[in-house]
Amino acid sequence: MIPTLFALGLIFAQLSLLAFGGGNTILPEMQRQVVEVHHWMSAQDFGALFALAQAAPGPNMMVVPLVGWHVAGWEGLLVASLAKFGPSSVLTGLCLHAWERFRDRPWRRVVQAGLVPMTVGLVTASAALITRSTAHDAVLAGIVALSAAVMLATRLHPLAVLGAGAVIGLSGIGQI
Amino acid sequence: MPALANPAAETDLRQAPTTAELFTGFLVLGLTGFGGVLPMARRMIVERRGWLTGPEFTDLLGLCQFLPGGNIINLSVALGLRFRGAAGALAALVGLIAAPTVIVIGLGVLYDRFHDDPYIRHLFAGLAAAASGLLIAMAAKIAWPLRRRPVGIVVAALFFAAIAVLRLPLLPTLVVLAPLSVLATWWSERRTAP
């Protein structure tokens, strides 16, 4: 148990400080660690936990306490949350005063604009990997494509899209 | 965001929130924000509670987007710290994630208990597929501004290949490719600028 908690803490503390461009950029590394390196769950389970976190309100990193809880119960939840939200928060606190000095420097704008292609690449990688672990048959692949198209073309609430996907899934069409 | 009609009136509304107000403010935000808390956050902090002016909010958000971690998570910490020190930061952060954590664990309990049931398994498979669709839509939205920037597209493709195809670890990938991303963007913008 203790080695598992230690590993959880180490993984999420590292992810905390690497999450440039928001939470979705670190999903591939999170999946790689919990599925491929530690074998705590299957890629399919990881996709399901991500979906549950999307269905809940709040910041988009709620998959973190869920993964911690799934791997090691309440202690896992606590360790994963502290490790994920602690280090980046301390860094924010430390930078709050320095920000007054560097926000108008030209390099600040250069760095921020320069990280945009990185964020695009990482979020696209997240989307590809999560899709690969969820689109197991033609109907599920259809739900993926339809949800993406609806989100891009309409102003429908994301919860409505998730609900529609769940209902189509429940009908069991095309699934084994 | 459009410019505010009357910034002076907004400044008059401003008052430092207490630790308890920071907690409840972010608690409500955590419960009401679906698929992106940012628009809700601005409404609460600037328009409804008047803790910051519009420009102050934009400036603080700039810091939070610059640093690693979720924008809203960082924003709760920065705001709490600014008004009530470490206790305020903790109150705002815990307020923000408390309710979503309880809800997400509740859903996790349901998933663990029922995912062997074929109906529930189908339901979660459909839900997960729809969630993938949402993520694809988000990727498309943030990729759209790069469409006329070939250098940016190449850098994004390098990150995609490293992470999604080669499955390389994130840390070494960032150490090598993040400076490349910044330098390549800087170089290509300097070249196109007069």
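In the predicted model, helix 4 (residues 54-66) and helix 5 (residues 71-114) of chain B pack at an angle of about 125°, with their axes 8 Å apart, where axes are lines fitted to C-alpha atoms, for helices over the stretch in contact, and angles run from 0 to 180 degrees between N-to-C directions. Helices here are DSSP runs of H or I with at least four residues, strands are runs of E with at least two, and both are numbered from the N terminus. Helix 4 and helix 5 of chain B are therefore oblique to each other, given that angles under 35 degrees count as roughly parallel, over 145 as roughly antiparallel, 65 to 115 as roughly perpendicular and the rest as oblique. The crossing of helix 4 of chain B and helix 5 of chain B is right-handed, a crossing being right-handed if the near helix is turned clockwise from the far one by less than a right angle, and left-handed if anticlockwise. The contact is made by B:Leu60, B:Leu61, B:Leu63, B:Cys64 and B:Gln65 of helix 4 and by B:Asn71, B:Asn74, B:Leu75, B:Ala78 and B:Leu79 of helix 5 of chain B, two residues being in contact if their C-beta atoms, placed from the backbone, lie within 7 Å. By class, these residues comprise seven nonpolar, three polar and no charged, with Ala, Val, Leu, Ile, Met, Phe, Trp, Tyr, Cys and Pro counted as nonpolar, Asp, Glu, Lys and Arg as charged, and the others, Gly among them, as polar.

Residues are numbered from 1 along each chain as its sequence is written, while chains are lettered from A and ligands numbered from 1 in the order in which they are written. Since the model is predicted, local features need pLDDT of at least 70 and side-chain atom pairs count only at pLDDT 80 or more, whereas totals for chains, interfaces and linings use all residues.

B:Leu67 lies in the loop between helix 4 and helix 5 of chain B. With 21 other C-beta atoms within 10 Å, B:Leu67 is buried; a residue is buried if 20 or more other C-beta atoms lie within 10 Å of its own, exposed if 12 or fewer, and partly exposed in between. Leaving aside neighbours within four places in sequence, B:Leu67 is in contact with A:Ser88, A:Leu91, A:Thr92, A:Cys95 and B:Asn74. B:Leu67 and B:Thr192, 125 residues apart in sequence, are separated by 28 Å from C-alpha to C-alpha.

In total, 80 residues of chain B are in contact with 89 residues of chain A. Helix 2 (19-32), helix 4, helix 5, helix 6 (118-143), helix 7 (150-165) and helix 8 (170-192) of chain B each supply at least two residues of the side that touches chain A, and helix 6 of chain B gives the most, with 22 residues. By class, this side of chain B has 59 nonpolar, 18 polar and three charged residues. The axes of helix 5 of chain A and helix 8 of chain B come within 8 Å and cross at roughly 110°, and the two helices are therefore roughly perpendicular to each other. Their contact is made by A:Val110, A:Val111, A:Ala113 and A:Gly114 of helix 5 of chain A and by B:Ser181, B:Val182, B:Thr185 and B:Trp186 of helix 8 of chain B, which divide into five nonpolar, three polar and no charged residues.

Chain A contains eight helices and zero strands, and buried residues make up 53% of its 176 residues. Along its principal axes, the C-alpha trace of chain A spans about 60 × 45 × 25 Å. Helix 3 (residues 43-55) and helix 4 (residues 63-102) of chain A pack at an angle of about 135°, with their axes 9 Å apart, which makes helix 3 of chain A oblique to helix 4 of chain A. The contact is made by A:Leu49, A:Phe50, A:Leu52 and A:Ala53 of helix 3 and by A:Val63, A:Leu66, A:Val67 and A:His70 of helix 4 of chain A, with seven nonpolar, one polar and no charged residues.

In helix 2 (residues 27-37) of chain A, the buried residues include A:Leu27, A:Pro28, A:Glu29 and A:Met30. The buried residues of helix 2 of chain A pack against helix 1 (2-18), helix 3, helix 4 and helix 6 (116-134) of chain A, together with helix 7 and helix 8 of chain B.
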